[in-house]
Amino acid sequence: MPDTFRIYKGENVVLEGVSPLEITGVGPDTSVAAGEYQVTRVVEDQESAKVDIPAFQTLPIAVTGVSVDPATAEVEEGATQQLTETISPSNATDKGVTWSSSDEAVATVDSNGLVTAVAEGSATITVTTNDGSFTASCDVTVTVPVG
């Protein structure tokens with residue numbers, strides 16, 4: 001029969017089973033200090049002394065994509081349109097993005113996705129994720145106000 005291992009956090013057993021074991025419940029991109037968890041080996045109901053698990057770093061949750069809402073917009077010259085990005089997965093570690101315009105003479109965009117219509121024409125507003133450089137875009141048509 002294979003040996004059983006117990007993983008402790010303080011005095012509490014957080015995991016028990018045969019090797020390999022995987023500690024769960026630690027957040028992504030988290031540093032865990034040496035000794036925060038300990039392990040024991042159990043052979044025929046006899047438990048060894050606790051041994052500190054070395055320090056480790058959990059992996060970040062990577063971005064897999066991005067979308068932008070709305071995907072198209074018609075905005076009158078001088079008006080604004082708020083764009084909203086959605087990062088996938090929703091629990092990704094780095095949700096940072098950069099916004100850009102294909103033609104700032106037509107439409108500009110700030111760091112929060114707020115588009116300002118500058119002059120009649122068309123521009124593509126693109127959002128790019130910091131993690132993975134995924135992109136999504138909104139086609140903006142700027143019109144001249146009637147009247």
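Q: Is Thr40 buried or exposed, and what is its relative accessible area?
A: In this predicted model, Thr40 belongs to strand S4, residues 38-43. Residues under 20% relative accessible area count as buried. Thr40 therefore counts as buried, with a relative accessible area of 2%.

Q: With which side chain does the side chain of Thr40 make a polar contact?
A: Beyond its neighbours within four places in sequence, Thr40 is in contact with residues including Thr4, Phe5, Arg6, Tyr8 and Glu47. A polar contact at 2.6 Å links the side chain of Thr40 to a side chain from this list, that of Glu47.

Q: What kind of aromatic pair do the rings of Tyr37 and Phe56 form?
A: One aromatic pair is found in a search of the whole structure. Its ring centres, those of Tyr37 and Phe56, are 6.4 Å apart. Planes under 30 degrees apart would count as stacked and those over 60 as edge-to-face. The planes stand at 40°, so the pair is tilted.

Q: How many residues apart are Tyr37 and Phe56?
A: Tyr37 is buried at 6% relative accessibility, whereas Phe56 is partly exposed at 26%. Tyr37 lies in the loop between S3 and S4, and Phe56 lies in strand S7, residues 56-57. The pair thus links distant parts of the chain, with a separation of 19 residues.

Q: What is the relative accessibility of Asp45, which has a positive phi?
A: Asp45 is not a glycine, yet its phi is about 65°. Asp45 is located in the loop between S4 and strand S5 (46-47). Asp45 counts as exposed, and its relative accessibility is 74%.

Q: Is Asp29 buried, partly exposed or exposed?
A: Asp29 also has a positive phi without being a glycine, at about 55°. The loop between S2 and S3 holds Asp29. Its relative accessibility is 40%, so Asp29 is partly exposed.

Q: What is the omega of the cis peptide bond that joins Ser88 and Pro89?
A: A cis peptide bond joins Ser19 and Pro20, with omega about 0°, and Pro20 lies in the loop between strand S2 (12-17) and strand S3 (31-32). Pro89 is in the loop between strand S11 (84-88) and strand S12 (97-101). For the cis bond from Ser88 to Pro89, omega is about -10°.

Q: What distance separates the C-alpha atoms of Ala136 and Thr126?
A: Ala136 sits in strand S16, residues 135-143, and is buried at 13% relative accessibility. Not counting residues up to four places away in sequence, Ala136 touches Val66, Ser67, Val68, Ile125, Thr126 and Val127. Thr126 is 10 residues from Ala136 along the chain, and their C-alpha atoms are separated by 5.7 Å.

Note on methods
Residues are numbered from 1 along each chain as its sequence is written. This is a predicted model: local features need pLDDT of at least 70, side-chain atom pairs count only at pLDDT 80 or more; totals for chains, interfaces and linings use all residues. Side-chain values use heavy atoms; hydrogens and water are left out. Helices (H or I, at least four residues) and strands (E, at least two) are DSSP runs, numbered from the N terminus. Buried means under 20% relative accessible area, exposed over 50%, partly exposed in between (1.4 Å probe, protein chains only). A polar contact is a pair of N or O atoms within 3.5 Å; within protein, one must be able to donate a hydrogen and the other to accept it, and residues adjacent in sequence count only if both atoms are side-chain atoms. Contact means heavy atoms within 4.5 Å. Rings of Phe, Tyr and Trp (its six-membered ring) pair if their centres lie within 6.5 Å; planes under 30 degrees apart count as stacked, over 60 as edge-to-face and the rest as tilted.
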